[in-house]
Amino acid sequence: MANTTAAATPPKGITRRFHGCSKIGEYEMIQKLGEGTFGEVHKARDRRSGKMYALKKILMHNEKDGFPITALREIKLLKIISHDNVLKLEEMAVERPKAEGRKRAILYMVTPYMSHDLSGLLDNPDVQFTVAQIKCYMLQLFKGLRYLHDNHILHRDMKAANLLISNRGRLQIADFGLARHYDEPVPQRGRGNGEARRDYTSLVVTRWYRPPELLLSLRRYTPAIDLWGAGCVFGEMFKRKPILTGHSDINQAQIIFELVGSPNNESMPGWDSLPGAQSVKDWPRQTGSITNKFNMLGRTGLDLFQKLLMLDWKKRINAIDAIEHPYFKEDPKPMREEDIPRFNDSHELDRRNARKDHLPAAPAGGTVGGGPNGEWTGPGGPPNTGGPWMNGDRQRYGARDQGPPGVPAGGRGGFDRRPPGYENGGPPQGRHQPDWGNGGRERGPGYGGGRHGNGPPPGDRRHILPHQARHGPGGGDRDTYIPSYEGGARPREDRRSRGPDERPGDGRRGSRDSGNSRDGFINDRPDHNRGYGGRDRAGDSRNFGRERRDGRTRSRSPDRRDRNRDRDRDIYRR
Amino acid sequence: MVSTAIDTGAPRPERPRPPPPAVVEAEQQWLFTDEELLQAPSIVDGITPEEERTLRRKGVNFILQVGMMLKLPQTTLSTAAVFFNRFLMRNSLKNRPGYKALHHYQIAATTLFLATKVEENCRKMKELVIACVRVALKDPNKLVDEQTKDFWKWRDTILYSEDVVLETLCFDLSVESPYKIMYDMLKYYGVEHNKKLRNAAWAFLSDSCLTQICLLFTSRTIAAASLYAGARLVEVELPNEDGKPWWEVQLIKLRDIRRACNLMADIYEASSSKDGEASIYVGLRSPEDGIDFETPMSLTNSQAPDQPPANGNVNSNDNGNGNGHGAEEMSEEGELDG
């Protein structure tokens, strides 16, 4: 390809240009957009083309396991996909510290800069969505999902905060930190989402968007899990807030059944043999209130909605069929992307600031490409606080926890760059808790603040958010441009409504990292945590009943912690 | 819309389809011409092409040995070998002023470390390091622990070289596994239970790790070539479809298969001459060109005029004990029972 000089001539070297990784010098940093568990996010201009990008720094200080495996996974996946409705990884950028000595490089993921995320937009009272616009977004979402599923990829973290929206009306699916390859045959037109033949970890998807089969611990799940999330997003666009905001996994299952009716052999064949079904059997029968609650969708809209929120994962509509649903063919017709009104950035910013005071909770977790702006950033810089403002989560933590006993402060290896407060904090005991019930806790309104000191988390309140941690592994990865709402003081009230997801997760994750992982290595391991931690992300929810309890103690006892970690690790492997 | 039909029964195999464009593009940037292989950075820096090839072999051999010690699957080792070979297309093994080259073993260890993560076959860092020390010292039972000086040296090398490797590889981490492609082809033709065929094709693939074949052909071509060679060896004929020979259905050109087979054949020819026994693989070579593409392979089978290897691995004999040879045997074993 590149040059084909005769072999006989003196070697001149290979002249081709390799693409995929460039020096950080090619980019001009414009502003810091946020700092997530896994690194800072900057808005930057490419000097070569003048285009704007979001650069997410991957932290790898002291990593004992080298470059975080979760980041490798995400990069690998993002590199093999390309679709208009999926956030593209443009390339990687490397910054080599000038200092002498062997210093490790700092690596950035470069993605297009998107101005909003859906969750942020829905939070903005000034932005109104018309039905035609909602159809446009949903169609784009389904096209992105159809593409992913057709390429054997499960996203596993579908939610409004992971849907980025450009100022041109383009919607893109972001955050592939939990995504994985799907080994089964891909969905076919008219045939639902197929069946899986192997087990996958059920610790995925942010709680509020988690489908019933995962809540009941089905391991052989299918692309149908992403469609459930899409259904939740669909409803959310009408209600302007997440529609199923369970404060624990059990509660999540309860409210799902309240909405769509209790599972039975007809609506969800095989449900009673799922591992998590036991407790559900005693619950009162529900007939479902979906038609009343969502009559604003119209007849066909409701039909699509019900097909997305179908309990039976084998019959849940697949993305191919969803695109062809009559809903998108009838009036009002889906708006064209280019006709979607632009939302003013500054506007957004204001809103964000406003939100910060009042609505602490939003989860924004944007992710990789995240919505940088979307969330909060703006030209103004981070809203609140100074340094640490980064993730809200973190901040909070900092304040609150002190760290696990015995662990030297500061040791946190993982994510190093966090604000100091955070760092020290070890995981509080609470944190580890399993997610469960409290899972959300972190994020929840509560996570707020310092309220819980080190102690075990208070049981209640926390839940508010589901937490899923998006960022999984350790927080590490996922990052998000998370703003600081949290930082704000007022979190609680609002929080409830929206925010769980994201944040909680983080927090938790974070904690986990610090906590759990710590066991072995006090210092360096950020990665490790990160990496493996990832798994946890989902973890919160994992078993309904079981673990909650020990969760509490977990943090205290090293052994347990270890064990846990190993377990996570295993899971990870899947 | 939602159909009630549930898939039952074995799904029909999906028809082969080309890999996603992004993957093709990434793979393309790592495919070179024969001439370009002779322009590799180390050669530009004055290492002779033969020597360079030997170093590559030694590096891959290192990967295979460490990999076997860690019981890593062959697929992971093959990915590591690809990373290793790609790395050497951008970085030199020779020091220059202002540039401190990595040793080929160091590169090999780092690419293996990366491959274990990429392929989701992680090993504990400690185990990996210990295996590297043992292989490097050629003492498989050496007592190595954290007190050993070499332990830390290796560990640091691996950790510090990782980002250099990542950058050099442009983060092109998705190497389509030729093993998987080949296995899919076997399944496509319903012959995945033909053990002889499967083992033969698999062994050809594994052995090809020691060549630079991954820099010349796509994984798909390499997979098809191994299957082709395996099918010939065990005399199995794969069916045509709609009048098209199987390789066309699999989107591969026969000419590429032939070229790839010849490259693989070089390994065997070189090593068999060493033992003085006739290699059972000698019949593998066939002219790349000038053959009627329609000719069924059973006909092209017999003629194997031994041409001198195009870029012969002649010097594999040079390393006393036949580094290369040993590795071949080992890798083959490793593979076959997998």
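## Notebook: looking up strands, cores and helices

I began with A:Lys23, whose bridge partner in E5(A) is A:Val94. This is a predicted model, in which local features need pLDDT of at least 70 and side-chain atom pairs count only at pLDDT 80 or more, while totals for chains, interfaces and linings use all residues. For reading my labels: residues are numbered from 1 along each chain as its sequence is written, chains are lettered from A and ligands numbered from 1 in the order in which they are written, and side-chain values use heavy atoms, with hydrogens and water left out.

I took helices (H or I, at least four residues) and strands (E, at least two) as DSSP runs, numbered from the N terminus. Two strands pair if DSSP finds at least two bridges between them. Strand E1 (residues 21-23) of chain A runs parallel to E5(A), and three bridges join them.

Is E5(A) enclosed or open? Four of the five residues of E5 (residues 91-95) of chain A are buried, so the strand is largely enclosed by the rest of the structure. Here buried means under 20% relative accessible area, exposed over 50%, and partly exposed in between (1.4 Å probe, protein chains only).

**Entry 2, on to E6(A).** I followed E5(A) to strand E6 (residues 106-112) of chain A, where five bridges make an antiparallel pairing. A:Glu95 is opposite A:Ile106, and A:Met92 is opposite A:Met109. E6(A) also pairs with strand E4 (residues 52-58) of chain A, antiparallel over six bridges. In that pairing I found A:Met109 again, as the bridge partner of A:Lys56. How many of the residues of E6(A) are buried? I noted seven of seven, so to speak a mostly covered strand.

**Entry 3, an open sheet.** I then turned to three strands of chain A that form an open, antiparallel sheet in the order E7-E9-E10. E7 (116-117) and E10 (171-173) of chain A are at the edges with a single partner strand each, so one side of each has no neighbour in the sheet. E9 (residues 163-165) of chain A and E10(A) are joined by three bridges, and A:Leu164 has A:Gln172 as its bridge partner. Helix H3 (residues 131-150) of chain A packs on this sheet, touching E9 and E10 of chain A, and its direction makes about 35° with that of E10(A). Contact means heavy atoms within 4.5 Å.

The largest one has 195 residues, and A:Phe129, A:Leu141, A:Phe142 and A:Phe234 touch the most other members. Leaving out residues up to four places away in sequence, A:Phe234 touches several residues, including A:Ile134, A:Met138, A:Leu297 and A:Tyr327. A second, separate core has nine residues, among them A:Ile24 and A:Tyr108.

I counted 15 helices and zero strands in chain B. Of its 338 residues, 57% count as buried.

Where do chains A and B bring helices together? The axes of H1 (residues 69-80) of chain A and H6 (residues 104-118) of chain B come within 9 Å and cross at roughly 75°. Axes are lines fitted to C-alpha atoms, for helices over the stretch in contact, with angles from 0 to 180 degrees between N-to-C directions. The contact involves A:Ile69, A:Leu72 and A:Lys76 on H1(A), with B:Leu114, B:Lys117 and B:Val118 on H6(B).

Technical notes: Core = buried A, V, L, I, M, F, W, Y, C linked by side-chain atoms within 4.5 Å.
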